[in-house]
Amino acid sequence: MVILLKPDDIETTAKDFLSQYASYMDSVGIVGKGPTGHAIYPSRTAPVEEQHVQFFEEWVDLTNALGIKNVIAMDLYTDGWFARDPKYQTITPEGDAMKHQICPNRPSFWQYGAEIIKEMGTYPIEEIILFGTGFIRDRFCFCDRCRKEFAPIVGQEPERLTYPYITENPEYHAKWHEWRQAKVNEGIRYLRDAALESDRDTGRELPLKLAVEVLLDPETGFSEGAKTEYGYDYAKINEITGDILINLYPWSPLLPLKGSAEYDTLVESLYFTNEFSRRGGRASLFRWGVTTIDQMQELKTLASDAGIDRVVISPHYPADYSHRRESAIGNF
Ligand SMILES: [Zn+2]
């Protein structure tokens, strides 16, 4: 089990915290760039939360000295600082801009993400977890760039492209899914290349791992629904980074109870990870807001029922959680 922490979750100094808990930990995670878009390490690319820099440097040095594997989390398209720029915001079919999330179809933003990966890669870390790697829902994205690129694929004028036009024709809808998955993959590939570059630059012993968060919720049709809603192509992601982190029930406060029909559906919907591991990939289960031993146990049981051997938890919810939840499942 890996616990993903923010400096605010830890009330003491990095040194005090680690001297108390280090012997229980094999690996531990820290949020390097969260949904506010600010980095806690001295980045030359992203804005920096200066008050946490010392903590970060102490943390990385000490964990490394103690032989604890370091995991760093990074929010990708869920970047509130970058999303202030209207040129990057993802847009609803009605033309409403999301001020907390970037359109995944932005090569210049991939470049920004790649710079951050390379910066993080200069530290002695084992893995970067990428959060916010997909589209908000099936109805995204209707920004000018996405309209312009996708409309000709379905024989429409960019400004006349509507969501019903796409969904009412199964062939168009399938093309929409394919096109969006290709965009998500392209972004991930870009970041993977940055990780490879970091391996070469630093001469690190083991390649820097890149775990890609995928959302899985009953609200969005478990794993099958997630492919079309958020734009994940699991098989391709496995080819690209070989590492996924399944964010379970991100929009629900509770997991189904073992023994219930929904629990069985959930376990079944996780079977795709067996194929994933057979092909040399790794899948982990993740959940926000885990603060009790019972919740941890529940997640471990589920992981073992689904044949998954790694669990990552975060005691906190992301800072933009209410916006994220509202934009994903709220009423439009
Ligand atoms: Zn777009």
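**Aromatic pairs, a hairpin and a pocket**

The structure holds 30 aromatic pairs. In one of them, the ring centres of Phe82 and Tyr88 lie 4.7 Å apart with the planes at 85 degrees, and because planes over 60 degrees apart count as edge-to-face, this pair falls in that class. Please keep in mind that this is a predicted model. Here is a short tour by topic.

**Aromatic residues**

- Both Phe82 and Tyr88 are buried.
- These two residues belong to a cluster, linked by ring pairs, that also takes in Tyr77, Trp81, Phe109 and Tyr112.
- Another ring, that of Phe135, has the charged end of Arg180 sitting over it, 4.5 Å from the ring centre.

- Strand E4 (residues 89–91) pairs with strand E5 (residues 97–102) in the antiparallel sense, over three bridges.
- Gln89 has Ile102 of E5 standing opposite.
- Five residues lie between the strands of this hairpin, and Gly95 takes a positive phi near 95 degrees there.

**The largest pocket**

- The volume of the largest pocket is about 520 Å³.
- Its lining has 25 residues, of which Glu126, Leu206, Pro207, Leu208 and Lys209 are the closest to the pocket centre.
- Helix H2 (50–65), strand E3 (69–75), helix H6 (170–202) and strand E7 (209–216) are the elements that each give two or more residues to this lining.
- H6 gives the most, with four residues.
- By residue class, the lining of the largest pocket divides into ten nonpolar, nine charged and six polar residues.

Key. Residues are numbered from 1 along each chain as its sequence is written. This is a predicted model: local features need pLDDT of at least 70, side-chain atom pairs count only at pLDDT 80 or more; totals for chains, interfaces and linings use all residues. Side-chain values use heavy atoms; hydrogens and water are left out. Two strands pair if DSSP finds at least two bridges between them. On a 1 Å grid over the protein atoms alone, a cavity is a set of points where a 1.4 Å probe fits but cannot get out, and a pocket is an open set with protein on both sides within 12 Å along at least five of seven lines; lining residues have an atom within 4 Å of a point. Grid points are joined across faces, edges and corners, and a volume is the space filled by probe spheres set on the points. Ala, Val, Leu, Ile, Met, Phe, Trp, Tyr, Cys and Pro count as nonpolar, Asp, Glu, Lys and Arg as charged, and the others, Gly among them, as polar. Rings of Phe, Tyr and Trp (its six-membered ring) pair if their centres lie within 6.5 Å; planes under 30 degrees apart count as stacked, over 60 as edge-to-face and the rest as tilted. Buried means under 20% relative accessible area, exposed over 50%, partly exposed in between (1.4 Å probe, protein chains only). A charge sits over a ring if NZ of Lys or CZ of Arg is within 6 Å of the ring centre and within 35 degrees of the ring normal.
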